[in-house]
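Hi,

Here is the structure I said I would pass on.

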Amino acid sequence: MDKKKRRFKDSHGHIVTPLGMSGDCVVFMREGYPHPCQQPLERFKANYVEVKDDV
């Protein structure tokens with residue numbers, strides 16, 4: 001069974017896919033951007049909401 005990747009959206013509507021954690025930071029990929037990004041976990045929780053796919 002394939003496990004779907006969780007996706008999140010910021011206040012600008014940009015979609016990101018978390019890859020994991022590095023210390024206390026969330027490492028994620030932005031759609032359309034070729035390099036990993038990171039933000040502290042607390043900031044990520046405050047600024048991103050999970051995108052729910054209706055299946």
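Ring pairs join Phe8, Phe28, Phe44 and Tyr48 into a cluster; rings of Phe, Tyr and Trp (its six-membered ring) count as a pair when their centres lie within 6.5 Å, with planes under 30 degrees apart called stacked, over 60 edge-to-face and the rest tilted. The structure has 4 aromatic pairs. One of them, Phe28 with Tyr48, is tilted, at 5.7 Å centre to centre and 55° between the planes. Phe28 sits in strand E3 while Tyr48 is in the loop between helix H1 (41–47) and strand E5 (49–51), so this pair ties together parts 20 residues apart in sequence. Phe28 and Tyr48 are both buried, where buried means under 20% relative accessible area, exposed over 50%, and partly exposed in between (1.4 Å probe, protein chains only). Phe44 and Tyr48 have ring centres 4.4 Å apart and planes at 15°, so that pair is stacked. Both of these residues, Phe44 and Tyr48, are buried too.

Before you go further: this is a predicted model, so local features need pLDDT of at least 70 and side-chain atom pairs count only at pLDDT 80 or more, while totals for chains, interfaces and linings use all residues. Residues are numbered from 1 along each chain as its sequence is written, and side-chain values use heavy atoms, with hydrogens and water left out.

Leaving out residues up to four places away in sequence, Tyr48 touches Phe8, Lys9, Asp10, Val16, Phe28, Arg30 and Gln39; contact here means heavy atoms within 4.5 Å.

With residues up to four places away in sequence not counted, Gln39 touches Asp24, Cys25, Val26, Phe28, Phe44, Asn47 and Tyr48.

Now the fold. The chain has 1 helix and 5 strands, in the pattern β-β-β-β-α-β along the sequence. Helices (H or I, at least four residues) and strands (E, at least two) are DSSP runs, numbered from the N terminus. The strands make an open sheet of 5 in the order E4-E3-E2-E1-E5, with antiparallel pairing; two strands pair if DSSP finds at least two bridges between them. E4 and E5 are at the edges with a single partner strand each, so one side of each has no neighbour in the sheet. On average, neighbouring strands of this sheet are turned by 45° against each other, direction ignored.

Going through the pairings:

- E2 (residues 15–22) and E3 (residues 25–30) are antiparallel over 6 bridges, and Pro18 has Phe28 as its bridge partner in E3. Their hairpin has 2 residues between the strands, and Gly23 takes a positive phi near 65° there.
- E3 and E4 (residues 37–40) run antiparallel, joined by 4 bridges, with Phe28 opposite Cys37 in E4. This hairpin has 6 residues between its strands, and Gly32 in the turn has a positive phi of about 80°.
- E1 (residues 7–9) and E5 pair in the antiparallel sense over 3 bridges, and Lys9 has Val49 as its bridge partner in E5.

In the loop between E3 and E4 you will find Tyr33, which counts as partly exposed at 42% relative accessibility. The C-alpha atoms of Tyr33 and Arg7, 26 residues apart along the chain, are separated by 15 Å.

What about disulfides? Taking a disulfide as a pair of cysteine sulfur atoms within 2.5 Å, the count is 0. Cys25 is in no disulfide, and its nearest cysteine sulfur, that of Cys37, is 12 Å away. Cys25 is buried at 13% relative accessible area, and Cys37 is buried at 18%.

Some overall values to finish: the C-alpha atoms fill a box of roughly 30 × 25 × 20 Å along the principal axes. Of the chain's 55 residues, 24% count as buried. Among contacts with a separation of 6 or more, 28% are between residues 24 or more positions apart.

Cheers

Methods: Axes fitted to C-alpha atoms, helices over the stretch in contact; angles between N-to-C directions.
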